[in-house]
Amino acid sequence: MGSMMKLDFLPASEFFYWLGLAAAGWISLKAACQLVNAARAFLFSTGVKVESFGRWAVVTGATDGIGKAYAKELAKRGMSIVLISRNEEKLDKVAKEIKEQFGVETKIIAVDFGEGPPIYVVIESVLAGLEIGVLVNNVGLSYEYPEYFLDVPDLDNVITKMININVMSICKMTRIVLPSMVQRSKGIILNVSSASALYPVPLLTLYSATKTFVDFFSRALHAEYNYKGIIVQSILPFYVATKMSKLRTPTMQKPSAETYVKAALNTVGLQVQTNGYLPHAIMGWITASLLPVSLVMKQAMKMNQGIRARSLKKLKEKGD
Ligand SMILES: NC(=O)c1ccc[n+]([C@@H]2O[C@H](COP(=O)([O-])OP(=O)(O)OC[C@H]3O[C@@H](n4cnc5c(N)ncnc54)[C@H](OP(=O)(O)O)[C@@H]3O)[C@@H](O)[C@H]2O)c1
């Protein structure tokens, strides 16, 4: 009623002028805050000293790509590393490489996150008693190539594995590590989501949906536990040149895992949700804040239809 009364005294044109000005002011203020935060993170690297949160870092999916880059960057900062992946030989090799290069202690755990709950008994027994400062929930499974949901090869198996690897692993690893972090009032949990959690991505439907889970889980958990000294971060990369993305040559837009992780670690303590790397932050800002979701989804559909067609052609040529 009050605002209606006010309208009686204010000519409509003037009301909309002030409303527009207030909206523009609010949007500018928000953008300025985001810009200052991004500058602090990406240009001045003023995030927290992750190595001061505890002696050990635990990294899932640690023998390749983004996970290996996190393991090496944290070891470079003096942390001892627990590496978790499927292949024992690869784990031994990366653990040796880290020990020789950075002189820190390492432990390895060979498990397949696709198997679901039983593996966590093994993980919990190895981690018991370690002072864990950082947990990097990095392991993830995507499609072999973009595909319509019902046409994903071996769909039932993919559903189970993708939920076990992308969703279950985050919950269970957090369940194991968080209690001792809370007890020490200190800890960092870095959850690798994906830019495909910024908007629904057609032809990567299940992957995109699981990565949204990672993003929501992380941000809500941060709100619950930050007052207890725990930082939880949701990391949403666009393309990074790794085995999963099938990109061999890094570019500025599609960086190497090492370049990406170096930048992303500087955002810890500054951004709860981050694209981790300045060019990706700009892409994220354009796609998630500036453009309408319907347009972004249409473009993603077009792009993924192109990748799908090329992938199917290659598979046909190979005779699969
Ligand atoms: N690369 C990108 O463009 C991109 C973009 C957005 C988000 N991401 C996310 O970033 C994360 C890392 O991706 P990436 O590109 O670095 O992948 P990657 O290069 O393929 O490396 C995957 C790592 O996880 C391990 N792994 C895979 N499946 C596993 C399983 N079932 N159980 C245990 N370990 C397993 C692999 O080792 P073994 O095979 O020896 O087990 C390897 O160490 C994922 O969560 C992904 O969704 C990637």
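Which residues in α3 meet which residues in α4? Select K68, A71, K72, A75 and K76 in α3, and you will find them meeting V94, E97, I98, Q101 and F102 in α4, where contact means heavy atoms within 4.5 Å. The residues of this contact divide into five nonpolar, one polar and four charged, with Ala, Val, Leu, Ile, Met, Phe, Trp, Tyr, Cys and Pro counted as nonpolar, Asp, Glu, Lys and Arg as charged, and the others, Gly among them, as polar.

This is a predicted model, in which local features need pLDDT of at least 70 and side-chain atom pairs count only at pLDDT 80 or more, while totals for chains, interfaces and linings use all residues. Residues are numbered from 1 along each chain as its sequence is written, and side-chain values use heavy atoms, with hydrogens and water left out.

Now show the whole of helix α3 (residues 65-76) and helix α4 (residues 88-102), whose axes come within 10 Å and cross at roughly 25°. That angle makes α3 roughly parallel to α4, a term used for angles under 35 degrees.

Next, turn to the aromatic pairs, of which the structure holds five; rings pair if their centres lie within 6.5 Å, and planes under 30 degrees apart count as stacked, over 60 as edge-to-face and the rest as tilted. Select F113 and Y120, whose ring centres are 6.1 Å apart with planes at 50°, so the pair is tilted. F113 is buried, at a relative accessible area of 3%, where buried means under 20%.

Finally, select Y260 and Y277, a tilted pair with 6.2 Å centre to centre and 55° between the planes. Both Y260 and Y277 are buried.

Methods:
Axes fitted to C-alpha atoms, helices over the stretch in contact; angles between N-to-C directions. Helix = DSSP H or I, 4+ residues; strand = E, 2+ residues; numbered from the N terminus. Parallel < 35°, antiparallel > 145°, perpendicular 65-115°, else oblique. Phe/Tyr/Trp six-rings, centres within 6.5 Å; stacked < 30°, edge-to-face > 60°. Buried < 20%, exposed > 50% of the residue type's maximum accessible area, 1.4 Å probe, protein only.
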